[in-house]
Amino acid sequence: MEQITLASGSSYFRSPGAATAAAMAALQIGKTYYGPTEGTEALRFAISKRYNKQDIELTPGQILITPGSKQALFNLFSVLLHDKDEVVIPTPAWFGFHELMKYSKGRIVTVDTKLTEDYALTPETLRASLTEHSRILLLSNPGNPTGKIYTKTELESLLEVTAEFPDLYIIADEIYDFVTYGKPFTPILSCERAKKERTIIVNGFSKSFAMSGWRIGYMAGSADLIKKCTDFQGSTFSGVSVFIQDAAVATLEHQENALATMLPILEANRQFMRQALDAIPHVAYFFPDGAYYFFPSFKYYLNTKTPEGMAITSTLDLCKYLQETYCLAVVPGDYFGAPDHVRMSFAVEKPKLEEAMQRLQEALSQLQR
Ligand code: PMP
């Protein structure tokens, strides 16, 4: 049986042709030297323009180009966190946040949100989890793995709460911001209540432009914080390769083409996965507003046995069974702090997606109580 994976965080799309052409042209004219640590003026200008169009005041000096948004987060954690600090993370959340915190000071405080409440984070719940030690509130918007997009009203009411905590930074990981399906997306810096010196956007090219292997991302925030993060990056990684930044500039110049190719396919796949999940009894899920994952609950299928007698007591067991018997890879919800769930990407070729959903349906139907 051919292996099929719905586990990857990368989509199957090719990177934009404009990106590849620009990188090759830059290499051919010898752009292989150290670039500025903060990023090229051209790319920082292009990114600031992108946000200016959304009525957000940002200058190139408020942007730092990083080797992926993961590194942007790591820069921020390294610069901002001290021993007793707390990083507050609405959960389910991307496991990468926990991995990064293994190498950072402070600790994570998770705030549970529920599928039955459409993963809403209420101001009351947020307020109850903030303390004098809270240093960062980390939002993933659109959410990985949930696909939830916070409305502007929701963000404003959360920011009303965070305003009571003057030492708190709000970091919004907006890496899926262009991967949306009709619901409006609000960048955190466009909120009226966002304090400019305490609010940071982290973003990148991996998801919206299928450029995960290029390693390019960025952060946008106050010039003062950007300077501190630039110093940290100068001492550790240095600047992102200039030919890769040229590719990113070209990507932004042609961004409508790239999105026009990708988004209709993702939307069709999203609808397909919804129908396929609806055909499986006892599965509950949130219909994602953004990103390219479903995160269904398979609780009903736990505490069962496979025909071979293997006990399925957790989604870790379930994922093992799907892999070993059906050559199907999905990610256990345990990794995201939501044990009964499974993350499944729909950013894969349609025939593979169809086959994967058939295998899933078949696998679950074989489980015995
Ligand atoms: N944040 C989130 C929410 C992600 O899902 C990912 C990738 N899986 C990243 C950050 C890392 O992205 P990058 O490739 O830009 O480092």
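This report describes helix packing, strand pairing and selected loop residues in a predicted model.

The model is predicted: local features need pLDDT of at least 70, side-chain atom pairs count only at pLDDT 80 or more, and totals for chains, interfaces and linings use all residues. Residues are numbered from 1 along each chain as its sequence is written, and side-chain values use heavy atoms, with hydrogens and water left out.

**Helices**

Helices (H or I, at least four residues) and strands (E, at least two) are DSSP runs, numbered from the N terminus. Helix H1 (residues 17-28) packs with helix H8 (residues 242-253) at an angle of about 145°, and their axes are 7 Å apart. Axes here are lines fitted to C-alpha atoms, for helices over the stretch in contact, and angles run from 0 to 180 degrees between N-to-C directions. On the H1 side, Ala18, Ala19, Ala22, Ala23, Ala26 and Leu27 meet Phe243, Asp246, Ala247, Ala250 and Thr251 of H8; contact means heavy atoms within 4.5 Å. By class, this contact of H1 with H8 has nine nonpolar, one polar and one charged residues. Ala, Val, Leu, Ile, Met, Phe, Trp, Tyr, Cys and Pro count as nonpolar, Asp, Glu, Lys and Arg as charged, and the others, Gly among them, as polar.

Helix H9 (residues 255-278) has 24 residues and reaches 34 Å from its first C-alpha to its last, close to the expected 34 Å. The expected span is 1.5 Å times one less than the number of residues. Among the buried residues of H9 are Leu259, Met262, Leu266, Arg270 and Phe272; buried means under 20% relative accessible area, exposed over 50%, and partly exposed in between (1.4 Å probe, protein chains only). The buried residues of H9 pack against H8, E9, E14 and helix H11 (350-365).

**Strands**

Three strands form an open antiparallel sheet in the order E9-E14-E13, where two strands pair if DSSP finds at least two bridges between them. Strands E9 (293-294) and E13 (331-332) are the edges, each pairing on one side only. E13 is joined to strand E14 (residues 342-345) by two bridges, and valine 331 stands opposite arginine 343 in E14.

Elsewhere, four bridges join strand E2 (residues 63-66) to strand E8 (residues 217-220), and the two run antiparallel. Leucine 64 stands opposite methionine 219 in E8. Ile63 and Ile65 point one way from E2, Leu64 and Thr66 point the other way, and all are buried.

Threonine 304 is part of strand E10 (residues 304-305). This threonine 304 counts as buried because its relative accessibility is 5%. Beyond neighbours within four places in sequence, threonine 304 is in contact with Met310, Ala311, Ile312, Leu367, Gln368 and Arg369.

**Loops**

| Residues joined | Omega |
|---|---|
| threonine 91 and proline 92 | about 10° |
| asparagine 144 and proline 145 | about 15° |

Proline 92 lies in the loop between strand E3 (86-91) and helix H4 (95-101), and proline 145 in the loop between strand E5 (134-140) and helix H6 (152-162).

Aspartate 118, in the loop between strand E4 (107-112) and helix H5 (123-129), has a positive phi near 50°. Its relative accessible area of 44% makes aspartate 118 partly exposed. Alanine 210 also has a positive phi, of about 50°, and is buried at 11% relative accessible area.

Serine 212 is found in the loop between strand E7 (199-204) and E8, and at 24% relative accessibility counts as partly exposed. Serine 212 and serine 15 are 197 residues apart in sequence but 8.7 Å apart in space, C-alpha to C-alpha.
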